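Visitor: I am new to this structure and would like to learn how to read it. Could you walk me through some features, one at a time?

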Amino acid sequence: MTDRRTEDLWRTLAPQVLGALVRRYGHFDEAEDAVQEALLAAATQWPRDGMPDDPRAWLITVAARRLVDRLRSESARERRELATAWADPTDTPPAVAAEDDTLTLLTLCCHPALSPPSQVALALRAVAGLTTAQVAHAYLVPETTMAQRISRAKQAIRDAGGRFDQPASADLRAVLHVLYLVFNEGYASTRGVGLVDVQLSQEAIRLARVAHTLRPQDGEVTGLLALMLLTDARRAGRLDADGELVTLADQDRSRWDRSLILEGVALVEQALSTSAPGPYQVQAAIAAVHAEAPTAAETDWPQILALYDVLAAHEPGATVRLNRAVAVAMVRGPEAALRDLAALARDPRMARHHRYHAVRAHLLEQAGREVEAHDAYRLAADLATSEPEHRYLAGRAGRLGSG
């Protein structure tokens with residue numbers, strides 16, 4: 001029962017079961033342990049007895065029994081509370097909205113008492129279903145370190161009085177931000193030997209679909225899902241046969257996933273027609289323009305630049321200005337883009353970010369300033385923390401150096 005299909009089922013059901021228990025009892029830590037015990041029981045019993053007709057209800061029932069046993073041993077007061085909360089723990093618990101619980105559990109993981117890295121780590125562990133070892137691997141830290149981080153995050157939620165309630169709009173925005181970070185880390189890993197971690201990006205997409213199912217009229221929820229789909233559609237073209245990075249302009253567009261592009265474009269159109277544009281919708285619209293261009297040369301760069309101007313009004317940060325500079329170069333030339341980029345040199349975060357120097361190097365190369373471009377590529381390569389990006393940037397510097 002440990003085949004891929006069953007593992008995928010367990011990963012989908014685990015947050016739903018955990019959500020059902022936390023909704024009923026609270027006690028995040030104890031509920032999570034009970035869910036793990038229920039999954040172990042399933043691994044033993046299902047191969048022998050067959051998969052139950054309703055696997056989710058089976059897991060909730062078994063996990064509830066384990067949790068009741070745990071909590072009953074603590075105090076008579078808790079026994080009285082449990083007696084009123086769930087009169088007979090041997091009964092199959094009442095049906096609850098699975099997706100609703102998943103989103104609410106994700107909201108709890110995104111509690112404002114936690115730092116963004118802790119929110120992401122806890123969400124990956126409790127909602128995405130990754131093991132502590134897998135989360136630690138994604139962050140390139142020892143498993144014991146990640147276990148302590150996740151434990152502190154749970155304690156912080158308890159200390160802050162975290163409640164299992166329906167997410168408010170502000171809470172939902174925090175959830176979307178965490179999903180955005182998880183997807184980005186999976187699609188373009190900032191660390192290690194690989195460029196992508198498909199598991200992370202696919203979990204982010206799955207959870208974004210859950211959010212969209214529950215909030216289909218929320219333009220930013222729709223926009224984030226569209227952005228993920230349109231970005232993920234290009235994944236197969238990002239690496240060549242040797243596993244080396246291929247830039248957007250040089251990618252084989254026949255390898256892009258047309259079904260994801262069609263779905264993403266439809267979601268963008270839906271979002272922009274039903275609500276005022278927000279940052280995720282605008283980013284999705286930019287991704288849609290790239291996705292719909294038959295070739296790199298046919299990309300509608302004036303439209304992309306106009307969209308970046310809209311995005312900058314929402315998020316006037318350095319990252320948006322950096323991306324906008326690429327569009328400026330395609331519309332007005334590299335020197336104009338370099339002038340816009342000069343102001344970012346005073347931002348200490350950009351000064352140590354490899355993407356700033358990589359974009360600057362590209363613009364300098366376009367402008368024919370090859371000596372400066374070589375030095376910028378070399379600095380970008382030194383700052384890159386992903387090995388594929390380091391090799392690509394070092395290769396560009398080497399080509400210019402040899403010339």
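Visitor: Let's start with Ala-136: in which helix is its place?

Guide: Ala-136 sits in helix α7, which covers residues 132-139. Keep in mind as we go that this is a predicted model.

Visitor: Is Ala-136 buried or exposed?

Guide: The idea is to compare the relative accessible area with a cut-off, and buried means under 20%. Ala-136 has a relative accessible area of 3%, so the residue is buried.

Visitor: Which residues is Ala-136 in contact with, leaving aside neighbours within four places in sequence?

Guide: With those neighbours set aside, Ala-136 is in contact with Val-141, Pro-142, Glu-143 and Met-146.

Visitor: How many helices and strands does the protein have?

Guide: There are 20 helices and 0 strands. Of the 403 residues in the protein, 49% are buried. If you take contacts between residues at least 6 apart in sequence, 64% of them join residues at least 24 apart.

Visitor: How do I read the way two helices pack?

Guide: In general, two packed helices are described by the angle between their axes and the distance between the axes. Here, take α2, residues 28-49, and α6: their axes come within 12 Å and cross at roughly 35°.

Visitor: Which residues make that contact of α2 and α6?

Guide: From α2 come Phe-28, Glu-32 and Gln-36, and from α6 come Leu-122, Arg-125 and Ala-126. Sorted by class, this contact has 3 nonpolar, 1 polar and 2 charged residues.

Visitor: Which residues line the largest cavity?

Guide: The lining consists of Leu-106, Ala-123, Leu-124, Ala-128, Val-178, Leu-179, Val-182, Glu-203 and Leu-207. The elements giving two or more residues to this lining are α6 (116-126), α9 (169-187) and α10 (198-214). The largest share, 3 residues, comes from α9. By class, the lining of the largest cavity has 8 nonpolar, no polar and 1 charged residues.

Visitor: Which residues of α15 are buried, and what do the buried residues of α15 pack against?

Guide: Ala-318, Val-320, Leu-322, Arg-324, Ala-325, Ala-327, Val-328 and Ala-329 are buried in α15. The buried residues of α15 pack against α14 (301-314), α16 (334-342), α17 (348-351) and α18 (354-366). After α15 comes Gly-333, with a positive phi near 105°.

Visitor: And how far does α18 reach from its first C-alpha to its last?

Guide: With 13 residues, α18 reaches 18 Å, close to the 18 Å expected at 1.5 Å a residue. Its buried residues include His-354, Tyr-356 and His-357. α18 is followed by Gly-368, whose phi is positive, near 80°.

Visitor: What separates the C-alpha atoms of His-290 and Thr-231?

Guide: They are separated by 9.6 Å, while the two residues are 59 apart along the chain. Thr-231 belongs to helix α11, residues 219-232, and counts as buried at 12% relative accessibility. Apart from neighbours within four places in sequence, Thr-231 is in contact with Phe-183 and Tyr-187.

Visitor: Last, is Tyr-392 buried or partly exposed?

Guide: Its relative accessible area is 24%, so Tyr-392 is partly exposed. Tyr-392 is in helix α20, residues 387-402. Leaving aside neighbours within four places in sequence, Tyr-392 is in contact with Leu-245 and Thr-247.

Definitions and conventions:
Residues are numbered from 1 along each chain as its sequence is written. This is a predicted model: local features need pLDDT of at least 70, side-chain atom pairs count only at pLDDT 80 or more; totals for chains, interfaces and linings use all residues. Side-chain values use heavy atoms; hydrogens and water are left out. On a 1 Å grid over the protein atoms alone, a cavity is a set of points where a 1.4 Å probe fits but cannot get out, and a pocket is an open set with protein on both sides within 12 Å along at least five of seven lines; lining residues have an atom within 4 Å of a point. Helices (H or I, at least four residues) and strands (E, at least two) are DSSP runs, numbered from the N terminus. Ala, Val, Leu, Ile, Met, Phe, Trp, Tyr, Cys and Pro count as nonpolar, Asp, Glu, Lys and Arg as charged, and the others, Gly among them, as polar. Axes are lines fitted to C-alpha atoms, for helices over the stretch in contact, and angles run from 0 to 180 degrees between N-to-C directions. Contact means heavy atoms within 4.5 Å. Buried means under 20% relative accessible area, exposed over 50%, partly exposed in between (1.4 Å probe, protein chains only). The expected span of a helix is 1.5 Å times one less than its number of residues.
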